[in-house]
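Dear colleague,

I am passing on the structure we spoke about, and below it you will find what came out of going through it. Please have it open beside you as you read.

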Amino acid sequence: MAKVEAPNYDFSLDAFGDFVPGKAVSALEAKHGKGEAVSTLDGIQTLKFKVAQLRYKFPVIVQAKEGVIEDFFARLPSYFLHDVFFRSLVNRLGKQTSYKRTGEEAFYVWDAAPLKHVYSAACTITCFPIFYSVQRLEPASVPIIEKMKRANR
């Protein structure tokens, strides 16, 4: 009777299934509502959606060209447990292709053709996820994650 579950034990990577590159934005909007338009540049539309489940709500930014998703970037809640989220990625995608550590932040990359998955986490007292991004290995446009890197320079 005293069992306590961590906030993200019921979260599944399947929640991102609607956001996978190659899927239609119309199908995404049918399930998650109309996305907030962030920008439109060179035929690439950037939309912001909110993923809401029982215990959490977080933003997912999507880039689309001609109504088809090119890539997405999800800012994950800091109360998600890194170990649980990372284990679900490994179970789904296998061992990461590359790993890079910068200070207290780690970046994991899976080149799982035709998609590239990037996950970032950091550790202080405990470890927590920062973001999860999926893009095409050969993108038709500049992925959101690359645009964010450029903005931080």
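**What was found**

Buried residues (under 20% relative accessible area with a 1.4 Å probe, protein chains only; exposed is over 50% and partly exposed lies in between) make up 39% of the 153 residues in the protein. Please note that this is a predicted model, in which local features need pLDDT of at least 70 and side-chain atom pairs count only at pLDDT 80 or more, while totals for chains, interfaces and linings use all residues. Residues are numbered from 1 along each chain as its sequence is written, and side-chain values use heavy atoms, with hydrogens and water left out.

The protein has three helices and eight strands, taken as DSSP runs (H or I of at least four residues for helices, E of at least two for strands) and numbered from the N terminus. From that end the order is α-β-β-β-β-α-β-β-β-β-α.

Leaving aside residues up to four places away in sequence, Tyr 119 is in contact (heavy atoms within 4.5 Å) with residues including Phe 85, Leu 89, Trp 110 and Phe 131.

With kind regards
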